[in-house]
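Subject: Structure handover

Hello,

Here is the structure I promised to pass on. Please open it first, then read my notes below.

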Amino acid sequence: MSQLFVQDDSDDEGLQDELSRQIKELKELQEKILVEEPKVGSGVDVVDETSQSEKKKTEKVEEEEDKVLYPLIPNDKYEYDDKKPDINDIRSVNINLSLPLSFQQQVVENALVSNDPLVILGKGLGMMSIVSNLLHILATPTKLDGKLKRSLVLVLNATQSDNQRIGEELQELFWLSDDDDDNNLSKNGNISSDQNGNENPRSFNVVTADSLSVEKRSKLYLSGGIISVTSRILIVDLLSGIIHPNRITGIVVLNVENLRHYSNESFIIEIFRSKNKWGFLKGFSESPESFVMEFSPLMRKMKDLKFKNVLLWPRFRVEISSCLNDILKQKSQKVIEIKVSLTNSMSQIQFGLIECLKKCIAELIRKNSELALDWWNIENALDLNFQRSIDSVMVPNWHRISFESKQLVKDIRFLRHLMKLLVTSDSVTFYEELQLSLEANKPSISRKYTESPWLMATESQLVISHSRKRIYDNERYQLEEQPKWEQVLSILEDISYQRNISKKNGPTLIACSDPATCRQITSVLAYSNRKDGIKNLMNQKLNLYRYRKEENKRLLKEANDKETQDTKEIVVSTAFVKEEVVSKRRRTRGAATVAAVERLRNAGAGEDIENIIDDYDVSWDEMSRVIDEEVLGSDEYIKYSNEAEDEAFESDTETAETCFSAARTSKEVWEKVKNDYHYINCNDQIIVDCFANLNDETALQEVMPSHIIMYEPDLTFVRNLEIYRAINHEQAPVIYFMYYGDSIEEQRHLTAIKKEKDAFTKLIRENAMLAQHFETEGDLSHYKNLADRKLQLSRLRNTSTRIAGGQNLLHEVTQDVVIVDSREFNASLPGLLYRYGVCVIPCMLTVGDYIITPDICIERKSVADLIGSFLNNRLESQCKKMAKYYKFPTLLIEFDEDQSFSLEPFAEKRSYRRNESSTVHQISSTLSQFEIQMKLSKLALKFPNLKIIWSSSPLQTVNIILELKLGRSQPDPSVSMALGVSKNSRSQPTSVKTNNETNDELYKTLLDIPGLSKVDYFSIRKKVKKFSVLKKLSKEDLTNLVDDEGLAQKIFNFLNIQEDEI
Amino acid sequence: MTLSIARIKISDNIILPLRVFINRKQLLYNITNEPIIQAPLLSNNSIVCLKSPNTRIFVSNNDLESLCDEIRDDILLIIYELTSQEVMNQTIGKLRVGYNLDFKKSVINRFFKDDDTGDYYIDSNILMVTRVSKLKYKFRFKKNWEVDIFINNIKKLSDLRDYLLFRHNPNQMSSPSIPINSVKKVLIMEPDDYLNIETGKDQTMILQEDENDSGIIDQQSSQDDDSKPIIHYRYKPTLNLAELIDIHVLQRPRRHKI
């Protein structure tokens, strides 16, 4: 318990043994590779053999593949000359790394030599710099025929900040790299220096959604280097032949833990591996916990992404712990732990919350015994994934569970939120949050269920009363301060004293968990120098709360007024109207009794404190605002500028505007600006930042703090600190580690440590059990893609000439084609289609998302999308377009696998959308179920030939599509692309479609007949397929057709006139 | 990684961070230590030899200060003047990607010459400006220090300029949004004059800039040693702007002038 900060070695000896055994095995394997080295680059031979055999194979089956309408992957259009490897081309390259710690180098080496590894690191061990160094090595140019050739390394699934870090690190590595490489490159003139003027052979580029056009992308791919690309774009590029898998040197996948099943990344790797056997594949993850959640998830993920080895680097691995702990022994640099105890009220509240949470969980389990997991108990309730675990079980069944259960799920979320708030925010904010919930739960006529279940528990009263006590107790305002504040201030005082006696250079860093806490600490520090500064701060908070409350009341009143305005006319006898008794006498008879009753009534709901707050002395208000403006520039607090002021300054703005456009500074202004300019001595800086921004050891390097205050415990940050300290052991920073003793905070930290350790333990065990997996290339089962398998099969049959009857079989191999809008690749459906042997052709479609036959056009909508496009009427125009160009316009409503197959949960206020489906605004997802249904039926009425497909998951959709395609002809991408582009530029319908098209168009002219409704139109079309047939019909036949003599006459006339014209 | 951040105060409570990188290619040209590992790259025909130089270079606080003082005029020029309509439309904005421009000739002479006296009131040492990409510019600065100043996003810079110019306009609606950086907060620790005077000691001297890093201590120790000095600090919150400007150090001034 006393050692919260440094997590020591694992005490489980067996585990250590197991890990080292695995490491040894790996090392032996590596040595084998290294021994083979003198035989001359075994790798090189492999490369060319495979590529040659590949080449031969492709040549051999060239004609066959030509028969296929579209190959799955477009063939490489750039001729690559297959040269024999020249032994002289093999060279050694010196590469300088920028990794300061020995274990980081070991990770790089390990990842480099092992075959397609998945590297799982402990949190905060500097993954980004490891990855960047590895990328730098992997992107070493190849020498071919005495010329250097850049390699192409792709980075997948990198976040924006990852990209930035990698970019900076690579630039640094470029500066470090030996010159000869680059000189060679430029001398040979192989690669002209790009426009940036840098000749880095390992240039780093980021390709995102809108940054580059197709031509630029293809140029970029050809020029090589390291490219971080969004998987959606890469898929489109791979499928449309902008880049051929064989040209990719290798792929590095980051954040593997985030990849879902059937993700785009696995799709990409599948394509990559199907054509490219020699390139490398490396995966990285920093979150071991997510590999142990389901049933043997490690194996599944490895299979999915085709990794062959697992490299585990937990914090307790010997290399790491020796590296980080040694420094500890050398210097007497100790972490200073500051255990702050909770105040009495806080611990009471904490106790109450935990009890309530316990009861809620127990109740939830009791109510849904068939769904509940054993894992749901109070021990795990502090875990970050707890809510997610509950959601993942409850959401798919949302339409089946009772209202109370839903309430319980909601309450558990709220209680966890309160728990966090208790330790992070101040007493007023906590009270406000609580009060808001109480307010919402006040019984009213309109609601059947009055209270949240947690309020039923007796302990909830404890929470409520103590949170009030923190504000107001014994007829005095307490406004309890957070105990940590005082401590932080005294630590800072300490630090400033230390600075005076020792030569420590660097700013002070305060790290905390979230931006709100950042703000809080900043304002506490800012107020600290004043007399009663913090008390003022709290008062100000209280005022702000009051202001907000009044605002709410006003709003409520306005709303009520509007509602009651109409009903006000109803005259009720005055006897029944309850009015406030206004009396001029100070004491009314019986007033005491009335007051007593009032008090009684309010006692339960606890209105009294609210009133007290309302009556609170306003004098603070003025004072605090003055301080506010003086101290905190602008962004922290909302300023309520009144309108009069606004007007006054309007003229000012105008003059400023004129000055602005003139825009040349005079000398005086310049001097003034110059005077304002100061360098801030880094010793004087106090930087407050949250963990998320510091979760990289480079972030700490940037700041180079000499004193670090950890305001809250955080596992990743602890590791970062360890690494930072190990690197800077000459100038080790002083670390203060603050936490509330015996609190949820402490417990949460301990759980996090334990969970990571457990996860690694599990992973090590699973890795030991993992069967070794080998595959021969000729193995057909290797082709998961059914179409590919079929193709291979037919090839095999073809080679054995004895099967004479096989001719028929051969011809059956036609390729299914689906044209997919290139914007649709965020969904998993295209990838699944590909796996099921359908050739997916990405196109920019104007009409529809998927074209599966020349007649069937599908618009896919996830439910959230559906609601969104109902709201902005996009769907209607989309349907209109589809109906215009296709015979069977189809709306596909697709649910997710882990959603419930019902509209109900979406109708409820909380959104369960995944973040990726982005086009919809949060608020817009609040259509009620009834409304959705109404809109859908409206749509169906408006477009009678619109087909609607409901699908519970992408997998089911694939089945539906395949069924629909059975026996129908394949769509033509050029036709579908041209459709709907714009009326003038629409290309002439091709010969195949002429009949259909003209037929359609001729039919459309029918709509010009006055009095002919759409229903009539469609009934005619339904009964008579061909326009030419319609023309030949007599007037009687037409009357039979439309059941209306007048209309039939009109149609008959119309048709005859038209004939004359033609 | 050798990135370090220099913070400069450009107005009363506004801080602009500069990110300083060191191009240490030259410095590490001759690394002689043995490679730590040799391995063939399977996807390649090269055998890589990895080396790990353990040298780390930082810019010290003093150096950062001298650097920041030296580039003061140019930084201010960049912040306040570069994105003004006139300059943008006539020179900087017109520059094509990948091309250079003589900064002195085409910008300083044209815009920042005092019409009457004919001398420059801006002491600019930028030699050349290069447009690296659509929004990114590179300025080559050379005086005692030799650095490249990168503007990562000229659009954001112009937002910053708008903000700085209209900052005092209390009409929040019309003034441009603040280009502040995420959540990072910076407070400046400074001795609290008010309280210090109250405790009977005149500490105003401390506020003066001192070449010595630990100026405060020295002055403290020079005072009477009997009583423990009590210094109250105040922590002044500031507005931390976005990181827009990168500086790549190419050459440090010589330590001993010949």
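Start with Asp391(A). At 16% relative accessibility, Asp391(A) counts as buried. Keep in mind that this is a predicted model.

Asp391(A) has a charged partner. Its side chain meets that of Arg413(A) in a salt bridge, 2.8 Å from N to O. Asp391(A) sits in helix 14 (residues 386-394) of chain A, and Arg413(A) in helix 15 (residues 403-424) of chain A, so the bridge ties together parts that are 22 residues apart in sequence. Arg413(A) counts as partly exposed, because its relative accessibility is 24%.

Other salt bridges

Side chains of opposite charge can pair when their charged atoms come close. How many salt bridges are there over all chains? The count comes to 32.

Next come Asp237(A) and Arg217(A). Their side chains also form a salt bridge, 2.8 Å from N to O. Asp237(A) belongs to helix 9 (residues 231-239) of chain A, while Arg217(A) belongs to helix 8 (residues 214-223) of chain A. The two are 20 residues apart, and the pair links distant parts of the chain. Asp237(A) counts as buried, because its relative accessibility is 0%. Arg217(A) counts as buried too, at 9% relative accessibility.

Now the network. Which residues does it link? Arg165(A), Glu168(A), Arg19(B) and Asp246(B) are linked by salt bridges.

Cys857(A) is in no disulfide, and the nearest cysteine sulfur, that of Cys879(A), is 9.5 Å away. A disulfide needs two cysteine sulfur atoms within 2.5 Å. Cys857(A) is buried, with a relative accessible area of 0%. Cys879(A) is in no disulfide either; for Cys879(A), the nearest cysteine sulfur is that of Cys857(A), 9.5 Å away. At 1% relative accessibility, Cys879(A) counts as buried.

A surface patch

Turn to the outside of chain A. Phe901(A), Ile948(A) and Trp950(A) form a nonpolar patch on the surface. Together they have about 270 Å² of accessible area. Ile948(A) is placed in strand 24 (residues 947-951) of chain A. Why does Ile948(A) count as partly exposed? Because its relative accessibility is 31%.

Chain B

What helices and strands does chain B have? Chain B has seven helices and 12 strands. Of the 258 residues in chain B, 54% are buried. Among contacts in chain B with a separation of 6 or more, 61% come from residues 24 or more positions apart. Chain B exposes about 12,400 Å². Carbon and sulfur atoms supply 48% of that area.

Best wishes

Terms used. Residues numbered from 1 in each chain as written. Chains lettered and ligands numbered in written order. Predicted model: local features only at pLDDT ≥ 70, side-chain atom pairs only at ≥ 80, totals over all residues. Heavy atoms only, no water. Patch = residues over 30% accessible without salt bridge, like charges linked within 9 Å, V, L, I, M, F, W, Y side chains within 5 Å. Areas by Shrake-Rupley, 256 points an atom, 1.4 Å probe, with all protein chains shown as cover. Salt bridge = Lys/Arg side-chain N within 4 Å of Asp/Glu carboxyl O. Helix = DSSP H or I, 4+ residues; strand = E, 2+ residues; numbered from the N terminus. Buried < 20%, exposed > 50% of the residue type's maximum accessible area, 1.4 Å probe, protein only. Contact = heavy atoms within 4.5 Å.
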